[in-house]
Amino acid sequence: MGEVLRLDGVCKAFDRGRDRVPVLEGVSLSVAAGEIVAVVGTRDQGKTTLLRVASGSLPADQGSVRLCDLELTGLSDGQLARVLRTEIGWAARTGPGVRVRVRDYVELPLATGRWLGWRERRLRVEKVLTQLDVAGAAELRWGELSDWQRARVELAQAVVSRPRVLLVDDVIDGLGLGKKQAAMEILRGFANDLGCGVLLAVSDHAAALPADRVWQLSGGQLKLMADLTDPDVIPLHKASNGGRGWMTGS
């Protein structure tokens, strides 16, 4: 599978009063088509910053961000807007206003720029809502949805444009283990069916199952914790409380 996203030596800091506080320090990772890469980190460790830099919407202070063969850091505002609309899907926990209809919210990435006719937009929305088993909520308002419905609607909106890269920012945080596992199955289906790369930010280790690679983000740096493609790195799903592995703290 070809590589669809690569970050090399990315650094990002923010001004906090008189101080310049680093959030990302020399971060490097890659995501291939059809692959799920998870970044695990507690609150305020910089997961959202990492995803925003990966999308190109937040410029890095140093380093390179590439989408396939395209260097995002050198794009104009207009070029970047097009990439964000057509090549990168973003799912977060923010959602729209409480009175916005689900159908309108999911259609938004397709309506912006008017690159598809209304009939094709409607068909795409209906298809993705059906795939995620939330077609019955199409006419509901955001404020009427459960947390699990909102998570699936966020994912629907992120993939309706059929992006090359899907960025998922803590969408499943706060859900029960069964729902987290169901969400990962949905993401695996997107990766397989659309051939997109998935970069997933989560707050706990259980939500990272069963990603192809798992990174821990702490102190602005990444540490590889599991890699299904490398036999020398203990896979997350094989680590257990009774054996050696990162889940046991050994």
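How many bridges join strand β4 to β5, and in which sense do the two strands run? Two bridges join β4, residues 62-67, to β5, and the strands run antiparallel. Good morning; I shall begin with the conventions.

This is a predicted model, in which local features need pLDDT of at least 70 and side-chain atom pairs count only at pLDDT 80 or more, while totals for chains, interfaces and linings use all residues. Residues are numbered from 1 along each chain as its sequence is written, and side-chain values use heavy atoms, with hydrogens and water left out. Helices (H or I, at least four residues) and strands (E, at least two) are DSSP runs numbered from the N terminus. Two strands pair if DSSP finds at least two bridges between them.

Let me return to the opening strands. They belong to an open sheet of four strands in the order β2-β1-β4-β5, with antiparallel pairing. Its edge strands are β2 (19-32) and β5 (70-71), each of which pairs on one side only.

I turn now to β3, residues 36-40. Here I use buried for under 20% relative accessible area, exposed for over 50%, and partly exposed for values in between, with a 1.4 Å probe and protein chains only. Five of the five residues of β3 are buried, so the strand is largely enclosed by the rest of the structure. In general, side chains in a regular strand alternate between the two faces of the sheet. In β3, I36, A38 and V40 point one way, whereas V37 and V39 point the other way.

Strand β3 has parallel partners. Five bridges join β3 to β8, residues 197-202, in the parallel sense, and V40 stands opposite V202 there. Four bridges join β3 to β9, residues 213-218, also running parallel; the bridge partner of V39 in β9 is W215. Strand β9 in turn pairs with β10, residues 221-227, in the antiparallel sense over six bridges, with L217 opposite L222. The strands β9 and β10 form a hairpin with two residues between them, and G219 in the turn has a positive phi of about 60°.

Contact here means heavy atoms within 4.5 Å. Leaving aside neighbours within four places in sequence, the contacts of L199 include V37 and V39, as well as L51 and A54. The C-alpha atoms of L199 and R213, 14 residues apart along the chain, are separated by 9.9 Å.

Next, the helices. Seven of the nine residues of α1 (residues 47-55) are buried, so α1 is largely enclosed by the rest of the structure. Among the buried residues of α1 are L50, L51 and V53. The helix is followed by G56, whose phi is positive, near 90°. In the loop between β3 and α1 lies D44, which has a positive phi of about 70° although it is not a glycine. At 74% relative accessibility, D44 counts as exposed.

What of α3? Seven of the 10 residues of α3 are buried, so this helix too is largely enclosed by the rest of the structure. Its buried residues pack against α2, α4 (118-131) and α5.

Rings of Phe, Tyr and Trp (its six-membered ring) pair if their centres lie within 6.5 Å; planes under 30 degrees apart count as stacked, over 60 as edge-to-face and the rest as tilted. By this rule the count comes to one aromatic pair. Y105 and W142 form an edge-to-face pair, 5.5 Å centre to centre with 65° between the planes. Y105 lies in α3 and W142 in the loop between α4 and α5, so the pair ties together parts that are 37 residues apart in sequence. Y105 and W142 are both buried.

The loop between α4 and α5 also holds D133. Its phi is near 60°, a positive value in a residue other than glycine, and D133 is exposed, with a relative accessible area of 62%.

I am happy to take questions.
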